[in-house]
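We will go stop by stop, selecting a few residues at a time.

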Amino acid sequence: MDDVTRQQLILAAQEARAQAYATYSKFTVGAALLTTDGRLLRGCNVENRSLGLTQCAERVAVGNAVVEGYRDFQALAIASCTGVTPCGACRQVLAEFCEDLPILLVQEEPVSATREVSLRLLLPDRFGGTGAA
């Protein structure tokens with residue numbers, strides 16, 4: 001991924017974060033998936049009063065990608081105030097489609113910083129062997 005594409009991916013995650021519905025926690029998260037053919041698909045967290053029904057930004061982005069017919073991804077960016085990693089459920093959902101995936105963790109506060117991790121590093125012994133993995 002070149003620098004321009006990397007910056008577009010980060011910006012898409014930041015824009016998605018601005019749309020988050022985080023009424024209860026006030027912890028907004030945005031995600032952007034880059035497909036293998038260069039399409040950007042976004043997601044943001046959508047909280048619910050019944051916390052178990054809350055949707056993470058990463059899973060919303062994957063759902064949006066699937067609806068649009070995409071199953072192959074080359075990178076993911078996640079924007080939050082602290083640069084959080086995906087939760088366990090999101091890691092497993094991503095692993096359904098990718099054996100490995102570069103993930104950009106974008107911290108926006110108190111200073112802007114981005115670090116890169118891989119799905120394989122975050123979920124080394126994932127469940128199952130179905131899907132693209």
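Start by selecting glutamate 99, which is partly exposed at 44% relative accessibility; that label covers values between buried, under 20% relative accessible area, and exposed, over 50%, using a 1.4 Å probe and protein chains only. Before going on, note that this is a predicted model, where local features need pLDDT of at least 70 and side-chain atom pairs count only at pLDDT 80 or more, while totals for chains, interfaces and linings use all residues. Residues are numbered from 1 along each chain as its sequence is written, and side-chain values use heavy atoms, leaving out hydrogens and water.

**Stop one: around arginine 120**

Glutamate 99 sits in the loop between α3 (88-97) and β4 (102-107), and arginine 120 in helix α4 (residues 119-122), so the pair ties together parts 21 residues apart in sequence. Helices (H or I, at least four residues) and strands (E, at least two) are DSSP runs, numbered from the N terminus.

Now select aspartate 100. Arginine 120 also forms a salt bridge with aspartate 100, at 3.7 Å from N to O. Aspartate 100 is in the loop between α3 and β4 while arginine 120 is in helix α4, so this pair joins parts 20 residues apart in sequence. Arginine 120 is partly exposed at 43%, and aspartate 100 is partly exposed at 34%.

Which residue forms a salt bridge with glutamate 15? Select arginine 42: the closest N and O atoms of the two are 3.1 Å apart. Glutamate 15 belongs to helix α1 (residues 3-17) and arginine 42 to strand β2 (residues 40-44), so the bridge ties together parts 27 residues apart in sequence.

**Stop three: a network**

Select Arg17, Glu108 and Glu109 together, and you will see a network of salt bridges linking them. Across the whole structure, a search finds 7 salt bridges.

**Stop four: an arginine without a bridge**

Finish at arginine 91, in helix α3. Arginine 91 is buried but has no salt bridge, and the nearest side chain of opposite charge, glutamate 58, is 7.6 Å away. (Lys and Arg count as positive, Asp and Glu as negative; His and the chain ends are not counted.) What lies 2.9 Å from a polar atom of the side chain of arginine 91? Select leucine 122 and look for its backbone oxygen.

Notes:
Salt bridge = Lys/Arg side-chain N within 4 Å of Asp/Glu carboxyl O. Lys, Arg positive; Asp, Glu negative; His and termini not counted. Polar contact = N/O pair within 3.5 Å; in protein donor to acceptor, adjacent residues only side chain to side chain.
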